[in-house]
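This tour is intended for a reader with the model open in a viewer.

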Amino acid sequence: MFAVEEINGDPDLLPNISLGFHLYNTYHSAEKTLESSLRWLSGLGQFIPNYSCWEQDKSVAVIGGVTSALFVQMGTLLDVYKFPQISYGPFDTILSDKVKFPSLYQMAPKDSSLHQGVVRLMVYFKWNWIGLIVSDDMRGEEFLWKIRREMEKNGVCTSFTEKVPVSERRHMESHENFMPRIITSPTKVIVIHGDTDSLMIMRYPQIPLFPIQKVWIATSHWDITMRQLFVEGYAFHGALTFSYLTSEIPGFKTFLNKVTPSKYPDDILLRGFWLSAFSCPHEPENPEHEICSPNASLETLPLWSFDMTMSGLSYTIYNTVYAVAWTLHEIVTRKSQKISMEDEDYLLPHPWQLHSSLKNTQFKNSAGNQVFVDENRSPEAQYAIMNYLLFSNDTDGLVKVGQFLPKAPFGQDFTICEDAILWGYWDSKVPRGVCSDSCGPGFRKTPLQGKAACCFDCSPCPEREISSWMDAEQCMKCPEDEYPNKQRDNCLPKLVTFLNLKEPLGMTLSFVAVSFSLVTVMVLCIFLKFQDIPIVKANNRTLSYTLLISLTFCFLCSLLFIGQPTPATCLLRQTIFAVVFTVAVSSILAKTIIVILAFKFIRPGSRIQMFIHSRVSNYVVLICSGIQVIFCGIWLGTHPPFPEADTSSEFGHIILRCNEGSALAFYCVLGYMGFLSLASFTVAFLARNLPDTFNEAKFITFSMLVFCSVWASFLLTYQSTKGKAMVIVEIFSIWASSAGLLGCIFIPKCYVILWKPDKNILKNTKNQWDSKGKFFSGARTNTSSFGIIGLKKNLH
């Protein structure tokens, strides 16, 4: 009505021609739509095929179709007569099929980005557990497919999906199953997509929606303000709706303020609305008083009764009327140049003649926006995000809280003012539309079997892993030089550590090593001072000196294990330790071999006497030690030890240690020492019962038993020890084995030398041989291994 009056008052648009219109109701029914179309074609209450009762009025186009379903019913009939049909309802891709609908035009902007705006709203408020309600038609299916795909891309899950039947009869049938599922669903956020007709069930629910606490997100085509029962509005308080972002049409509100039944007495629709909206009593017997408040203004009505703002559908109708007017203007202007104005019937085109010009029509409306009839040039819809509010004085309103502009640059396309939004009565904060609470830093999401991806448990990150963000899918390991904090939400730099000489432990170990070596040097000095007494001469003084010197170096080589590992110390520590220990064990082996040869296997004139010589024992030491040197040389030449940073042995620390290079070579070196130790133990064990005044066999046996026990324990402990403990275990093994040799072999002799000199006397006891040539002593108490000395003299 506003557009037609504005066009008729414009002298530059369709001069000398007045526009009019006929209004027919569809009653939200396909049958009624078809019936109204038939009445319009014939001009009578009853349709007469191919006959029109219109005498003067000449209709050229049809504007209609608030829903696609109704428009299809209307278009199927009108297309037979080639009437241009212009739809102002929501854009539907199905109606773009020009084969099925050759006479149909859609004026509404395209909604191809609506689903993206709705999902952007979900992501902004961190909602990921959403209920969907759509109309059970092709538009609903298309929207459902698009929004599900967009939700999946953004990590949003669907709690439930309900399809609303579009027929009025099935509306009533669905109440039983449809509404209870919505009410009982734990989902806090529900998206509604459809048009006013298809979602009639949401406007007139038989089950009250007031008790449920939901956040409703309505799309542009469901008018959330249209409800007959005002009490149902409380359930939708705080809802967010996507409405077309349109420019204000100048003069429209002024026009509405002047609308009254007296101004349009023939408008029965306005009269009926006025009676209902202003609560006028219906008095058919007194028609003069039927219209009460004749000078009232529509502006005083609440939003749920009448919205003074031009809606998206109304804006499209306004542009549609102008599109028809501009098309007629072009055709009439073109014809008027050929004939005189008197031939009015010729000037007015037939309906089928509008098609060629209508599809190319474009113009700027009074709001300054460019309008196209061609669907291919139709713009993408822009949306205002409105917040529906119910106030305490029983009024309602829509407040703009944001907008979505699909074609704008990212970051400017979606804007929202969170502080301007009022939510439901139950909470002033943003509702939590999630299936599971977010997992904080230090935790990861654990999917629940049979549930959607948005439903999960929170599990702590495994040891040595962290998550420093919310809702982590997986925890990540810290770099090698870092470790997780206690909360497992951050990585901290590891402390570099080693057996430091400056630390108390390192200083203590160094002090003990030096102390042991000094004790060994003291024993050596005692032996050098008393080198001519029998107990020192017994069993080869040179071997004793060699053994003491090697033990001194054994204690000192443990210092190589203290301090920061370097390439030099890593190469030397194991090899020097192996060689000096081999020298010590070889010296003991040489001692025991000489004793057992001298006492058990030597007969007068025997060739074995040639082996009882000081050089033979030296050869034993050199050969055994040389073999160990060869092993160490092969080790250093193939896979030498090297310094490395051990990041895994001790939590929170990087341990600098020496890598042995080749574990096989390391254990071969130890194995060789073990072989020599077992050989020494065996030989000493065989000589344990020989004349014992100065016999060392028992002491050597016991020392080798200690030695073997220490290194057997070392091998077992070394395998299960990590970090600095490995080094400490090896140092203690060196000390224990060295101290065992020193204590068992030399301490008893020092005791005799220093405190029991009376036992250190050589008595002239004649060595005798039995009839079998074996040596025996008449007095075991004063005959000893010192007999070797006398034997040596006789040999010389």
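The model on display is predicted, and 4 cavities of 30 Å³ or more are counted in it.

Remain at the second largest cavity, which holds about 70 Å³ of space. Alongside β22, α20 also gives two or more residues to this lining. Next, display the side chains of the lining: Phe498, Leu499, Phe561, Gly563, Pro565, Arg573, Ile655, Leu656, Arg657, Cys658, Lys724 and Val727. Coloured by class, this lining of the second largest cavity shows 8 nonpolar residues, 1 polar and 3 charged.

Now move to the largest cavity, whose volume is about 100 Å³. Which residues lie nearest its centre? Select Cys658, Glu660, Tyr718, Met726 and Val727, which hold that position among the 11 lining residues.

To place the largest cavity within the fold, select three elements: α16 (567–601), β22 (653–659) and α20 (724–755), each of which supplies at least two residues of its lining. Which of the elements gives the most to this lining? It is α20, with 3 residues.

Finally, colour the lining of the largest cavity by class: 5 residues are nonpolar, 2 are polar and 4 are charged.

Methods:
Residues are numbered from 1 along each chain as its sequence is written. This is a predicted model: local features need pLDDT of at least 70, side-chain atom pairs count only at pLDDT 80 or more; totals for chains, interfaces and linings use all residues. Side-chain values use heavy atoms; hydrogens and water are left out. On a 1 Å grid over the protein atoms alone, a cavity is a set of points where a 1.4 Å probe fits but cannot get out, and a pocket is an open set with protein on both sides within 12 Å along at least five of seven lines; lining residues have an atom within 4 Å of a point. Grid points are joined across faces, edges and corners, and a volume is the space filled by probe spheres set on the points. Helices (H or I, at least four residues) and strands (E, at least two) are DSSP runs, numbered from the N terminus. Ala, Val, Leu, Ile, Met, Phe, Trp, Tyr, Cys and Pro count as nonpolar, Asp, Glu, Lys and Arg as charged, and the others, Gly among them, as polar.
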